[in-house]
Amino acid sequence: QVQLVESGGGLVQPGGSLRLSCAAPGRIYSIHAMGWDRQAPGKQRELVASIVSDGTTKYVDSVKGRFTISRDNGKNTVYLQMNSLKPEDTAVYYCNAVGFSDRSTPFGSWGQGTQVTVAS
């Protein structure tokens with residue numbers, strides 16, 4: 001099973017920045033898409049940003065202009081640069097990826113989550 005490793009979460013003051021990273025260190029044949037979800041207490045998990053193999057990106061409206069998702073295909077790593085952070089961005093952020101672990105076996109994997117807290 002593909003295992004994703006997340007890093008970069010932490011405590012930041014409003015207006016600050018954080019950069020999240022997620023890597024798939026296991027043997028991967030191909031990755032179609034990677035993205036970031038988040039879940040705040042009492043809220044449903046939402047897809048924050050995604051990037052597909054052709055470089056197309058999508059963002060939830062609330063983070064447009066502030067967050068940037070990027071991908072290093074050679075490293076099977078996805079990044080989420082978060083700028084101008086707001087308290088409402090506080091959540092556990094989860095990395096996800098879909099692709100093929102070998103030539104014929106699809107996979108879908110999720111990280112364990114990294115906490116992002118935006119507060120003074």
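Is Arg38 buried or exposed? Arg38 counts as buried because its relative accessibility is 7%, where buried means under 20% relative accessible area, exposed means over 50%, and partly exposed lies in between (1.4 Å probe, protein chains only).

1. Basis of the notes. This is a predicted model, in which local features need pLDDT of at least 70 and side-chain atom pairs count only at pLDDT 80 or more, while totals for chains, interfaces and linings use all residues. Residues are numbered from 1 along each chain as its sequence is written, and side-chain values use heavy atoms, with hydrogens and water left out.

2. Salt bridges of Arg38. A salt bridge is taken here as a side-chain nitrogen of Lys or Arg within 4 Å of a carboxyl oxygen of Asp or Glu. By this rule the count comes to 4 salt bridges. Arg38 pairs with Glu46, the closest N and O atoms being 2.8 Å apart. Glu46 counts as partly exposed, because its relative accessibility is 28%. Arg38 also forms a salt bridge with Asp89, with 3.0 Å between the closest N and O atoms. This second pair links distant parts of the chain: Arg38 is in strand β4 and Asp89 in the loop between β8 and β9, 51 residues apart. Strands are DSSP runs (E, at least two residues) numbered from the N terminus. Both Asp89 and Arg38 are buried.

3. Arg66 lies in the loop between β6 (57-59) and β7, and Asp89 in the loop between β8 and β9, so the pair ties together parts that are 23 residues apart in sequence. Asp89 counts as buried because its relative accessibility is 1%; Arg66, at 10%, also counts as buried. Salt bridges that share partners join Arg38, Glu46, Arg66 and Asp89 into one network. As background, side chains of opposite charge can pair when their charged atoms come close.

4. Strands β4 and β5 run antiparallel and are joined by 6 bridges; two strands count as paired if DSSP finds at least two bridges between them. Met34 stands opposite Ile51 in β5. The hairpin has 6 residues between its strands, and Gly42 in the turn has a positive phi of about 75°. Lys43 is placed in the loop between β4 (30-39) and β5 (46-52). Lys43 counts as exposed because its relative accessibility is 55%.

5. The β5-β6 hairpin. β5 is also joined to β6, by 3 bridges in the antiparallel sense. The bridge partner of Ala49 in β6 is Tyr59. This hairpin has 4 residues between the strands, and Gly55 takes a positive phi near 95°.

6. The four-stranded sheet. An open sheet of 4 strands has the order β1-β3-β8-β7, with antiparallel pairing. Its edge strands are β1 (5-7) and β7, each pairing on one side only. The twist averages 15° from one strand to the next, with axes fitted as lines to C-alpha atoms and angles between N-to-C directions running from 0 to 180 degrees. β7 and β8 pair over 6 bridges, and Phe67 stands opposite Met82 in β8.

7. The core. The largest nonpolar core has 27 residues, and those with the most contacts inside it are Trp36, Phe67, Val78, Leu80, Met82 and Tyr93. Such a core is a set of buried Ala, Val, Leu, Ile, Met, Phe, Trp, Tyr and Cys residues joined through side-chain atoms within 4.5 Å. β9 gives the most to this core, with 4 residues. Asn96. Asn96 lies in strand β9 (residues 91-100) and counts as buried because its relative accessibility is 14%. A polar contact of 3.4 Å joins the side chains of Asn96 and Asp37. A polar contact is a pair of N or O atoms within 3.5 Å; within protein, one must be able to donate a hydrogen and the other to accept it, and residues adjacent in sequence count only if both atoms are side-chain atoms. Residues touched by Asn96, not counting those up to four places away in sequence, include Leu4, Met34, Trp36, Leu47 and Trp110.

Technical notes:
Contact means heavy atoms within 4.5 Å.
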